[in-house]
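Hi,

Here is the structure I promised to pass on.

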Amino acid sequence: RYSLFYNHLKNIEESEGGLDKFTKSYKTFGVNQLADGGIYCKEWAPGAEAVFLAGDFNGWNPFSHPYKKLEYGKWELFIPPEDGCSPVPHGSKLKVVIRAQSGALLYRISPWARYVVREEDKVNYDWVHWNPPQSYIHKNPSPKRLKSLRIYESHVGIASPEGKVASYKNFTYNVLPRIKDLGYNCVQLMAIMEHAYYASFGYQVTSFFAASSRYGTPDDLKEMIDVAHSMGITVLLDVVHSHASKNSEDGLNQFDGTDSCFFHSGYRGNHQLWDSRLFDYANWEVLRFLLSNLRMWIEDYRFDGFRFDGVTSMLYHHHGIGTGFSGDYNEYFGLQVDEDALCYLMLANHMINSLHPECITIAEDVSGMPALCRPVAEGGGGFDYRLAMAIPDKWIQIIKELKDEDWNMGNIVHTLTNRRYEEKYIAYAESHDQALVGDKTLAFRLMDAEMYTNMSVLMPLTPVIDRGIQLHKMIRLITHALGGESYLNFMGNEFGHPEWLDFPRIGNNESYHYARRQFNLTEDDLLRYKFLNAFDRDMNKLEERFGWLASPQAYVSEKHESNKVIAFERAGLIFIFNFHPYQSYVDYRVVIWHSSLTVAFKYKILLDSDAGEYGGHQRLNHSTEYFSQEYPHNYRPNSIMV
């Protein structure tokens, strides 16, 4: 794999003048404003017989501005300035006109288009030339690379209690302060790359270089990122390079009139489950397109890194469909692996690390591909983190299938600690996947219909609500502290957001009722959501203070099946969880890691899920001091009584 990567890198150096020049193509392809006021256009359309540019600027004459054919399927056009001004004004509509091999004229949006909009009475998007007299100027530097990532997974469009598509401005001034207050230091933005179908959650991308216009303008997004940086918040983009929408009128599909171009032709170029097109990662111009795309988001918008979606689909020719992964190495090394796609990911991470070493990359891979998060120089994939995707599945399985008294402490600990040595994992109890219609969030699984009637503090605390609130906190804390080297939460789930997430579509009468986040619930003192919100905030603040995510993996001293107790130590803190459905313990002995003590260590409670401010029963005295003893327990020489 490293050999394939090295050969690609060597070819880029020899034929393109290096990776830096190769990935700057976003500044030359598409339609670009020149310093003298002229316009330079460039496209790759290997299957086209002829290429033209039409739009408002030439009265939509499809033949007045023909491109000149270059080698390797490229086409270029230069339009001189008119009286020192641009011949294509800012805000004017454009189309690339392709004469296909069949002779048909195809009106297409440039794959490199920076801004596309859809008018309310139209089905398809229009390409709008974006060249404002004064673009947004970033004022704040990007935050330094974080040691402990606490990620708030977000969707701009649903980030409001109102039933509508929310804006970049709303996120900037209403949501970012909330994220900061909750103690998250990183926001991961979904559905930013333009997608024609809102209900696709942003995963059916139509314009890869365009920020979604349904939330506002490109400058609005730049301001949002700049304000996040002023708060010390790192901003990651959920990038979709695993597939593309099948749209042809306003997407990449059949751009030059052929079945291939950016994609594999025939069966290999289509994803069976997603009904989308699959990139040909062996193609030189596809590599140029995708690598330049990453660089544009970093340099133009100042994103601080990426979460790569659908990596499992990229890594294997079977795309993970109908395939289980047991960890056997034969599953990761064989003809089933798409080495071209893996090489692209290595090139992407190498480029990002070389040109912008402060940036972070995350792989969404469910297969457990070995070395995916090791450096490219070692033959690894080059990612910084991978998602610990088994953890949310485990919590769902436990809550759905087991009685409380049947919870297996050893199995919980195994799932939370089962990760590849020296590869960093992002732990999470639930993400957007669990919030979508057809699934249930943890809060909804735990409390279900009673969330509608019994979340008021004026109502008696029922057993269902009590159990749900306590387990919601405990599950999040043990996942945060034991499950990885980073932590992720999907917006609203921190306070147990009621109901599911469903975008407007024909099946729900185009309703926005479930396509929103009711942040106002945490601000109502009469509702119990405030307890979960406060606990999530203080949990993050405690990690910020002690940095357990950046510390070595925890030492687990106890997984007691009959007592239902889990105890471990990380970053100098002792974590003790009692999952027993009805049993509390007095004078419970717990190991401390120190092998020899010349003086006794003193411990105090820092975070207690049973505290009143978190909706607990206040059964512990927080002024109590606990002292270590030279008393052997669980094969260690020292312990404390709690």
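This is a predicted model: local features need pLDDT of at least 70, side-chain atom pairs count only at pLDDT 80 or more; totals for chains, interfaces and linings use all residues.

Residues are numbered from 1 along each chain as its sequence is written, and side-chain values use heavy atoms, with hydrogens and water left out.

Back to Ala-554. The residue is buried, at a relative accessible area of 13% (buried means under 20%, exposed over 50%, and partly exposed in between, with a 1.4 Å probe and protein chains only). Setting aside neighbours within four places in sequence, Ala-554 is in contact with Leu-482, Phe-568, Glu-569 and Arg-570, contact meaning heavy atoms within 4.5 Å. Gly-483 is 71 residues away along the chain, yet the two C-alpha atoms are separated by 9.2 Å.

Ile-574 also has Phe-568 and Glu-569 among its contacts, along with Val-590, Val-591, Ile-592, Tyr-603 and Ile-640, again leaving aside neighbours within four places in sequence. Ile-574 is found in strand 24 and is partly exposed, because its relative accessible area is 21%. From Ile-574 to Lys-604 is 30 residues in sequence and 10.0 Å in space, C-alpha to C-alpha.

Now the pockets. I used a 1 Å grid over the protein atoms alone: a pocket is an open set of points where a 1.4 Å probe fits, with protein on both sides within 12 Å along at least five of seven lines, and lining residues have an atom within 4 Å of a point. Grid points are joined across faces, edges and corners, and a volume is the space filled by probe spheres set on the points.

The largest pocket has a volume of about 1600 Å³. Its lining has 44 residues, with Ile-576, Asn-578, Asp-608, Ser-609 and Leu-620 closest to the centre. Two or more residues each come from helix 12 (463-482), helix 13 (529-546), strand 24 (573-578) and strand 26 (602-603), and helix 12 gives the largest share, seven residues. By type, the lining divides into 28 nonpolar, eight polar and eight charged; here Ala, Val, Leu, Ile, Met, Phe, Trp, Tyr, Cys and Pro count as nonpolar, Asp, Glu, Lys and Arg as charged, and the others, Gly among them, as polar.

The second largest pocket comes to about 770 Å³. Of the 33 residues lining it, Trp-274, Asp-309, Gly-310, Glu-364 and Asp-433 lie nearest the centre. Helix 6 (311-315) and helix 10 (432-435) each give two or more residues to this lining, with helix 6 giving the most, three.

Which residues does UniProt mark as "active site"? The unreviewed entry places that feature at Asp-309 and Glu-364, bearing in mind that such annotations may be inferred rather than shown by experiment. They are spread over 56 residues of sequence but cluster in space, with a largest C-alpha distance of 5.5 Å. Both Asp-309 and Glu-364 are included in the lining of the second largest pocket.

Taking them in turn:

- Asp-309 sits in the loop between strand 17 (305-308) and helix 6 and is buried at 8% relative accessible area. Beyond four places in sequence, its contacts include Tyr-203, Asp-238, Ser-242 and Glu-364.
- Glu-364 is in the loop between strand 18 (360-363) and strand 19 (385-387) and counts as buried, because its relative accessibility is 12%. Among the residues it touches, beyond four places in sequence, are Arg-307, Asp-309, Thr-312 and Met-389.

Two backbone spots are worth a look too. Asp-275 has a positive phi of about 55° although it is not a glycine; it lies in the loop between strand 15 (270-271) and strand 16 (276-277) and is partly exposed at 48%. Asn-509, not a glycine either, has a positive phi of about 60°; it is found in the loop between strand 21 (486-490) and helix 13 and counts as exposed at 72%.

Cheers

How values were computed: Helices (H or I, at least four residues) and strands (E, at least two) are DSSP runs, numbered from the N terminus.
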